[in-house]
Every structure is written in C-alpha cells, then in structure tokens.
Amino acid sequence: MKISEKVTWIGKIDYDLKQFHGEQLSTDLGSSYNSYLIQDEKTAVIDTVWLPYAEEFMANLEKKIDLTKLDYIIVNHAEPDHSGALPLLVKAAPQAKILCTANGAKSIKGYYHQNWDLKIVKTGDKISLGSCELTFIEAPMLHWPDTMMNFLSGDNILFSNDVFGQHFAHKDLTDENVDNEALYYEAIKYFANIIAPFSKKTLKKIEELRSLDLPISMIAPAHGVIWKKDIKTIVEKYIEWSSAYAINEITIIYDTMYDSTEMLAGAIARGIKNELPDFEVKIFNSAKVSSSDIVTEAFRSKGILVGSPTYNNGILNSTAAILEELKGLSLENKKAGAFGSYGWSPVNTKIISEMLTHCGFDIFAESCKVQWRPAIDALIKAEEFGSAFAKFVNQ
C-alpha cells in the first residue's frame, strides 16, 4: 500500500496475534509489523517483519522491485519482530548496504551470527536517495540500545520505530478512519508496558526532534497504524505520559483462594468511592486478567492497592508476578498499599508492602489484613481502610 509518493508499506497485518513478547503482552486487537519501501533514484527497505511471515514478506517485496538492485537495508531495531526476514533479504540482495547503529550491529550479530558487512550510522548522518534524503536519528533505550529513527525529506515522514507504536491491526494503516478510543487505549497500553521505563529519555528525544524543526507530515512506527491525522495529539500525549502521569483513578489488584481477599477488595473499593466519588476505581484479579492490561491501569492511576492471602509463608504467584512487573517499569508519582487475608501466618501484607517499596511507590503506612474469612465488622474496617487510603492518595 502506498502511503506517500515515494513510500510503500510492505509489512504484515497480524489480526490473529493475541500475545506478544512471548506470552507477556496481550494484543486483543492484533498488531502489525511495519516495513517500508522507499523508491527514488535509489531504493531502501526500512525494517522487515517477524520471522513467521518472512517468506510472505519476501514474495510480496519481489513483486514490487528487483531485489538485485536494492540499494539499502536499514535496520532501525534488531528485535526479531522487526528483523525476522533480514537473513532472506540479505541473501536475495547481497549488494545492498546494511545500515544500523553501533549497538544495532551487536544485536544483529547476536541474533543471526552472520559476518555481514554492516555500515554504522549515527545521529545526523544522511544518505541521498535521489530527490530526497534520509536522515538518521539514534534513539538508544527507546526501548533497546540499538533503536534508531529516520526522517525522509520531501515526503516528510518520521520512521519512529517502537516510539508512537501500538498493537493495533487495521486494514487502512493510518489513523484517519479508526476508532479513536480504541486506538489511544492501545497507544497508552503500548507506552505503559514498553516505553514507560524510559520516560525521561522519551522526553529528551521529543525535545531533540523539536529542536531539529522537522516538517513532519506522518509518523510511521514499527507497529500499529501510521499517525497522519493526529500527529500533534499523539506527540502531546507522549509528553504527558512521560511526565509522571496520573489521573483520578485507583487500581486494586488482588488474587484470592477462597474469596476472602476478593471480599476485602470489594469493601475497600466501596470505601474509596465513598471518600472520592469523582475517582474511578478499577478492580482486577491478577490471576484472570492480562498483566499488561493491569499495568496500563496502574500506569494511569494515582493509587494502587495490592492484595493476596498468605500462601506457604509467601503470597500467590500471580500477585508476586504483577509486583515484579511493576518494579521493572519505574513508575513515578504513585501511592500504594497492601491488603489480604491469612490463616495462621500474617506475613502477606508485609511482603506486599516490601515489594511495593522496591517498585518505588509511596507506601501507605497502614495495611488491611484479616484472619480467616472476613465477617461484617472486618468488611466495615476494610471500607474504613479504603477511605483512609483515598485520603492518603488525594492529600
């Protein structure tokens, strides 16, 4: 599909994809692996597709150009969902120059163990394709050390790689005819789970891009739709999301064995709503709901409560897993607390509070723990705990 005078999208829309990064991320709306063909006096391919679609990619590309005359293969990021067809493409176009960052060369060699002649580029380097030129912009740790962006003059397209991406499969390829609510949810979910640990670097990169005063008419990421209609909006959203983002929301995350901790979660939620009726309160069972959806809501929230019963002098594994995931995201400007039921060993809330501390949250001094199954008086106290936590969040 042509996206501009000189650029054709040659990627793969994967409507069937439901999990990504192994089983780590849920992708309910599918995704795409975006690759771009630039045709001027010289030709260039920017990134490829995931390995399962490599042969399909090559067959489609061979219908568009004579691969023996391809001039450049540009590897903006070597993760396999971006570079899976690279071995086939290099074999079919051995004359093409492979351009990547210095860290990209390490990644490519580490994945493919080939002695390819890799040409290293850095920020500010350019190649002329004829009537247009491609400028390279390194973007280390957005979200890998090798990440790079490119700007195509004339058509004024920023190929942004993972930044501004979404796991969102749509036949039209651009943001012009999509459900905006669904698109922006997938955009913030992508940010929360992939880009958020590097928020400060994201802000600096956006400042750098603005200082270059590029006349950007499209942002073409490596996944999801191309930003054409709402370029200004998505850039402003990225600035907002990168700046200790939080809205009036509290997320309650729990797992339960015999419903006791679940009962506490409901009572705590009632207490929060009584105190903060304008806040949205969302409750998730971490054993049943995708962790990436939970992470998205935690990223949006001002406050997070985590609950689990004691289990073998520890906590339930889904609770521990989500806490470990939250730790890796380095979220800022969040307050958190612990709750849960127990039988003979009241260590659960202590363990949760310690793990929340390691996540970098501001911890509520109190916890809500109940032995055995909560009776009415315990549920009333849980509501009072919810109200007190709401005051803590809103102070």
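This is a predicted model: local features need pLDDT of at least 70, side-chain atom pairs count only at pLDDT 80 or more; totals for chains, interfaces and linings use all residues.

Colleague: How many disulfides does a search of the whole structure find?

Modeller: The search, which covers the whole structure, finds zero disulfides. Cys368, for instance, is in no disulfide, and the nearest cysteine sulfur, that of Cys359, is 20 Å away.

Colleague: Is Cys368 buried or exposed?

Modeller: Cys368 is buried, with a relative accessible area of 6%, and Cys132 also counts as buried, at 3% relative accessibility.

Colleague: Changing topic, how many salt bridges are found?

Modeller: Over the whole structure the search finds 17 salt bridges. One of them joins Lys12 to Glu56, with the closest N and O atoms 3.2 Å apart. Lys12 lies in strand E2 (residues 12-14) and Glu56 in helix H1, so this pair ties together parts that are 44 residues apart in sequence.

Colleague: And how accessible are the two partners, Lys12 and Glu56?

Modeller: Lys12 is buried, with a relative accessible area of 19%, whereas Glu56 is partly exposed, with a relative accessible area of 38%.

Colleague: Which residue does Glu354 form a salt bridge with?

Modeller: Glu354 pairs with Lys350, and the closest N and O atoms of the two are 2.7 Å apart. Both residues lie in helix H11 (residues 348-358), where they are four residues apart, about one turn of the helix. Lys350 is exposed, with a relative accessible area of 53%, while Glu354 counts as partly exposed at 38%.

Colleague: What about Lys6, which residue is its partner?

Modeller: Lys6 forms a salt bridge with Glu5, the closest N and O atoms being 3.9 Å apart. Here Lys6 is buried, with a relative accessible area of 11%, but Glu5 is exposed, with a relative accessible area of 64%.

Colleague: Which residues are linked in a network of salt bridges?

Modeller: Glu249, Glu280, Lys282, Glu297 and Arg300 are linked in such a network.

Colleague: Back to H1, which of its residues are buried?

Modeller: In helix H1, which spans residues 54-64, the buried residues include Ala54, Phe57, Met58 and Leu61. They lie on the same side of H1, because they cover an arc of only 95° around the axis. The face turned away from that buried side carries the exposed residues Glu55 and Lys63.

Colleague: What do the buried residues of H1 pack against?

Modeller: They pack against strand E6 (36-39), strand E7 (43-46) and helix H3 (86-92).

Colleague: Where is Gly303, and what does it touch?

Modeller: Gly303 sits in strand E18 (residues 301-307) and is buried, with a relative accessible area of 0%. Not counting residues up to four places away in sequence, Gly303 touches Glu249, Ile250, Thr251, Lys335, Phe389 and Val393. Gly303 and Phe389 are 86 residues apart in sequence, yet their C-alpha atoms are 8.5 Å apart in space. Glu249, one of the residues that Gly303 touches, also belongs to the salt-bridge network.

Colleague: Last one, where does Ser199 lie, and which residues is it in contact with?

Modeller: Ser199 lies in helix H6 (residues 199-211) and counts as buried, at 13% relative accessibility. Leaving aside neighbours within four places in sequence, Ser199 is in contact with Phe191, Trp241 and Ser242.

Terms used: Residues are numbered from 1 along each chain as its sequence is written. Side-chain values use heavy atoms; hydrogens and water are left out. A disulfide is a pair of cysteine sulfur atoms within 2.5 Å. Buried means under 20% relative accessible area, exposed over 50%, partly exposed in between (1.4 Å probe, protein chains only). Helices (H or I, at least four residues) and strands (E, at least two) are DSSP runs, numbered from the N terminus. Contact means heavy atoms within 4.5 Å. The arc is that of the directions from the helix axis to the C-beta atoms. A salt bridge is a side-chain nitrogen of Lys or Arg within 4 Å of a carboxyl oxygen of Asp or Glu.
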